[in-house]
Amino acid sequence: MLNKRSIEDIAVQGKKVLVRVDFNVPQNENGEITDDRRIREALRTINYLVQNNARVILMSHLGRPKGKFNDKYSLKPIAERLSALLNKDVVLAEDVIGERVAQKVEALKDGDVLLLENVRFYEQEEKNDPEFAKKIAELGDLYVNDAFGTAHRAHASTAGLADYLPSAIGYLIKKELDIMGKAITTPERPFVAILGGAKVSDKIGVIENLLDKVDTLLIGGGMAFTFYKAMGYEIGKSILEADKVELAAEILKKAEAKGVKLLLPVDMVVAAEFKNDTEFNTVDADKMPNDRLGLDIGEKTMAIYSEIIKNAKTVVWNGPMGVFEMPNFAKGTFALADAMSQCSGSTIVGGGDSAAAVEQLGFADKITHISTGGGASLEFLEGKVLPGIAVINEK
Ligand code: AMP
């Protein structure tokens, strides 16, 4: 188990603390923030530092400005929203490094908050350029990483800074590590994992790692068809990764050898075309017509999976059960979100599409933990140590 230093383990009073947060929020075409959840998730760490009289220097990326200054990706709207949420002034620096930023840092008093401009205005950020990291590091005394959503990337502000400053994790990363870490190391049983989404190839690492840990693995989404193929089923025009059929067969064998119940959908909603407004019906999984494609799990599968989820003590979910962007094929994903909300055990949703489904349904407050990082949580479930966490000092 990782034993990383957290902000509560370091003395922050009067210190200039550089904090990497994930303020990469969605915006509309006028640049208005459409969902400020990521900003709100960072408040606990920022408030702690303010209350403990640190001089807080925040860093984040926003969008993909490709290493150039671009007003469209300025953190100005974020500084305003953060200021409203904190109920205190937030100064926005016009740059990430340089003399003018240094002056703003020097002007900070204990408990003040400064936000640096978009770190991705410099191409050195994503290259984890040591000179760039060093220049940022010169602005502060301590480095705190609280950006779980980018912790799977080794960039200057997400990892490089730890080479130059004493470091710690913030509350958000701590929460992600505590909850997901407990689930995969000492889960309460039965431990059920639900994996869906388009491809087996994206989830191989997770499947391999979880096969050693879970009691039951529920498979859905497009990846089910590669498994069906391995079992000799007809899959019609459904999505298939032909080069992964053998691997799927191996996974089925491994699950059996390890005593893990690996379940595939028993019925499927099959459609004439890959679009919402098309003819569709439900068939048993071993009776798929050859001119149709499977776009969602059927009602029998929903009932079986829901029952298993409701009776689990730990559930981890990553990836939708069908093409949930199309309302006609979203029912399976929504049914499982509903079952998760009724489970009294520890329920964890691994970011991305499944997190969106749970939120759209209004179930978010009935889930133990919705990870703030899709890619990061997937790598965590693969058993990898994320670079942005690996670099942080141990206790
Ligand atoms: P992922 O990013 O791997 O979690 O995959 C999410 C995507 O998988 C979503 O965009 C879904 O539309 C897609 N998906 C789920 N089920 C199917 C299916 N049966 N056929 C094609 N795509 C699917």
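A polar contact is a pair of N or O atoms within 3.5 Å; within protein, one must be able to donate a hydrogen and the other to accept it, and residues adjacent in sequence count only if both atoms are side-chain atoms. The model is predicted, so local features need pLDDT of at least 70 and side-chain atom pairs count only at pLDDT 80 or more, while totals for chains, interfaces and linings use all residues. Residues are numbered from 1 along each chain as its sequence is written, and side-chain values use heavy atoms, with hydrogens and water left out.

The ligand is a place to begin. A backbone N or O atom of Ala198 lies 3.1 Å from an oxygen atom of the ligand. A polar backbone atom of Gly294 is 3.0 Å from a nitrogen atom of the ligand. In the side chain of Glu325, an N or O atom is 2.4 Å from an oxygen atom of the ligand. Taken alone the ligand exposes 510 Å², of which the protein buries 80% (accessible areas come from the Shrake-Rupley method with a 1.4 Å probe). Around the ligand there are 17 residues, each with a heavy atom within 4 Å of it.

Next comes the sheet. Strands of a sheet pair through backbone hydrogen bonds, either parallel or antiparallel. Here, six strands form an open sheet in the order E9-E8-E7-E13-E14-E15, with parallel pairing. Strand E9 (261–263) and strand E15 (369–370) stand at the edges with a single partner strand each, so one side of each has no neighbour in the sheet. Strands (E, at least two residues) and helices (H or I, at least four) are DSSP runs numbered from the N terminus, and two strands pair if DSSP finds at least two bridges between them. Strand E13 (residues 314–318) is joined to strand E14 (residues 346–349) by four bridges. Within this pair, Thr314 stands opposite Ser346 in E14.

Two helices can be followed from there. Helix H10 (residues 299–310) lies across E7, E8, E9 and E13, running at about 145 degrees to E8; axes are lines fitted to C-alpha atoms, for helices over the stretch in contact, and angles run from 0 to 180 degrees between N-to-C directions. Helix H11 (residues 331–342) contains Ala335. Ala335 touches Met302 and Ser306, not counting residues up to four places away in sequence (contact means heavy atoms within 4.5 Å).

Two backbone details remain. Arg189 and Pro190 are joined by a cis peptide bond, with omega about 0 degrees. Lys66 is not a glycine, yet has a positive phi of about 55 degrees.
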